[in-house]
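Thanks for coming. I have one structure for today, and I will go from a definition to the overall fold and then to a few residues.

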Amino acid sequence: MKFKHPRQYTIKLLEMVDEGAIDPRKALELCLCYMGDREVADMMRTEQYLEDCYYCGGDCSSFEDHACDGYLGDLDNQYRAA
Ligand SMILES: [Zn+2]
């Protein structure tokens, strides 16, 4: 019986990137587009690439539909000044 690594396809994809079979940027886009935007936001937050909303302290800035008024209006230009 052949052992199957629980992340065999993850490893396969990474190997394909390493071998130049797929462009890293393309692989990234495929992964991100496959994930929902909430999942992307959750990953970014987990890896500390996403800060909490400057206004409400929550994650509203990841979900425009549910964003707080402070974020939507950007009253203090917290997001424009970068
Ligand atoms: Zn907010």
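A residue counts as buried if 20 or more other C-beta atoms lie within 10 Å of its own, as exposed if 12 or fewer do, and as partly exposed in between. Take Asp74: 15 other C-beta atoms lie within 10 Å, so Asp74 is partly exposed. Asp74 sits in the segment after α4. Its phi is positive, about 45 degrees, although Asp74 is not a glycine.

Please keep in mind that this is a predicted model.

Now the overall picture. The protein has four helices and zero strands, and the order from the N terminus on is α-α-α-α. The radius of gyration is 18 Å, whereas a compact globule of 82 residues would come out near 12 Å. The C-alpha trace spans about 60 × 25 × 20 Å along the principal axes.

How much of the protein is buried? Buried residues are 4% of the 82. On contacts, take those with a separation of 6 or more: 6% of them join residues 24 or more positions apart.

Helix α1 covers residues 8-18, and of its 11 residues the number buried is zero, so α1 lies largely in the open. Just after α1 comes Gly20, with a positive phi of about 80 degrees.

Helix α2 takes in residues 24-34, and Cys33 is found there. Is Cys33 buried or exposed? Cys33 has 10 other C-beta atoms within 10 Å, and therefore it is exposed.

In helix α3 I picked Met43. Met43 counts as partly exposed because it has 14 C-beta neighbours inside 10 Å. From Met43 to His66 there are 23 residues in sequence, and their C-alpha atoms are 19 Å apart in space.

That leaves the loop between α3, residues 37-46, and α4, residues 69-73, which is where Gln48 lies. What is the phi of Gln48? The value is near 60 degrees, so again I point to the definition of the classes only for its surroundings: Gln48 has 7 other C-beta atoms within 10 Å and is exposed. The phi of Gln48 is positive in a residue other than glycine.

Cys33 and Gln48 are 15 residues apart along the chain, with their C-alpha atoms separated by 20 Å. Between Gln48 and Arg25 the sequence gap is 23 residues, and the C-alpha to C-alpha distance is 21 Å.

To recap: four helices and zero strands, a radius of gyration of 18 Å, and 4% of the residues buried. Of the residues I picked, Cys33 is exposed, Gln48 is exposed, and both Met43 and Asp74 are partly exposed. That is what I have.

Note on methods
Residues numbered from 1 in each chain as written. Predicted model: local features only at pLDDT ≥ 70, side-chain atom pairs only at ≥ 80, totals over all residues. Helix = DSSP H or I, 4+ residues; strand = E, 2+ residues; numbered from the N terminus. Rg over C-alpha atoms; globule rule 2.2 N^0.38 Å. Contact = placed C-beta atoms within 7 Å.
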